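Biologist: I am new to this structure. Please show me the model, and then let us go through it by question and answer.

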Amino acid sequence: MELFIGKQLQVVGYSFILGLIFGGLYDIIRIAHCLCGIASYTGDSPGMRRGILPFFLFFLLDAVYMIAVTAMFSIFLYWQMNGTFRLFVLVSASAGLAVYLRTAGRIVMLFSETIVRLLRTAVRWLVVKPVRGILRVLGRVLAGLYSVTIGQTAKAVLRGIRHIRSGRIRRCLKNDIGIY
């Protein structure tokens, strides 16, 4: 199948834009790495987490990214080229990715620590604090219900056990001392 020059230029432009999109998606992954404490792009911070779980998460995020990029690129090839792979499409998408990472990607990663702090603060104020408040109120309600129901029953049972024990002790003392 022959492609006209206009169609080839159009495909090159679209694949370059697709490469820019791939770079933006990879920045999201890199910020997620910083957010999880897996990597720091502004230097090795003291809060870096080491261990098997962060590196598994690192691997998982990269694998999901690669699968998504592969799926998007395949759909793009079927949409623009009827499934035919051409090297110029891959080269222009790679050029778009490289241009993004060398320009906007550096700017985004320069502010990545600020973005991570902003996201953590937003999560703290929008998720953690309300959940803590709800759990605190729920804990007080459950403690009140416990003291009214199970707590009173437990007190009564313990009083009965003490009463039974004291009665046994009194009988034993009567037998030992010989008081009738």
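Modeller: From the N terminus on, the elements of the protein run α-α-α-α-α-α. This is a predicted model, where local features need pLDDT of at least 70, side-chain atom pairs count only at pLDDT 80 or more, and totals for chains, interfaces and linings use all residues. Residues are numbered from 1 along each chain as its sequence is written, and side-chain values use heavy atoms, leaving out hydrogens and water.

Biologist: How many helices and strands are there in the protein?

Modeller: Helices (H or I, at least four residues) and strands (E, at least two) are DSSP runs, numbered from the N terminus. By that count, the protein has zero strands and six helices.

Biologist: What share of the 180 residues counts as buried?

Modeller: Buried means under 20% relative accessible area, exposed over 50%, and partly exposed in between (1.4 Å probe, protein chains only). Of the 180 residues, the buried share is 21%.

Biologist: Among contacts between residues at least 6 apart in sequence, what share joins residues at least 24 apart?

Modeller: A contact means heavy atoms within 4.5 Å. Among contacts in the protein between residues at least 6 apart, those joining residues at least 24 apart make up 74%.

Biologist: How far apart in space are Gln 8 and Val 89?

Modeller: Gln 8 lies in helix H1 (residues 5–35). Gln 8 counts as partly exposed because its relative accessibility is 24%. Gln 8 and Val 89 are 81 residues apart in sequence, while their C-alpha to C-alpha distance is 8.8 Å.

Biologist: Which side chains meet in a salt bridge?

Modeller: A salt bridge is a side-chain nitrogen of Lys or Arg within 4 Å of a carboxyl oxygen of Asp or Glu. The structure holds one. At 2.6 Å, N to O, the pair is Asp 27 and Arg 30.

Biologist: Is Arg 124 buried or partly exposed?

Modeller: Arg 124 is found in helix H5 (residues 112–148). Its relative accessibility is 41%, so Arg 124 counts as partly exposed.

Biologist: Where does Val 123 lie, and how does its relative accessible area class it?

Modeller: Val 123 has a relative accessible area of 44%, so it is partly exposed. Its element is helix H5.

Biologist: Which loop holds Asn 82?

Modeller: Asn 82 is exposed because its relative accessible area is 57%. The loop is the one between helix H2 (52–81) and helix H3 (87–102).

Biologist: What is phi of Asn 82?

Modeller: Most residues other than glycine have a negative phi. Asn 82 has a positive value in a residue other than glycine, and its phi is near 55 degrees.
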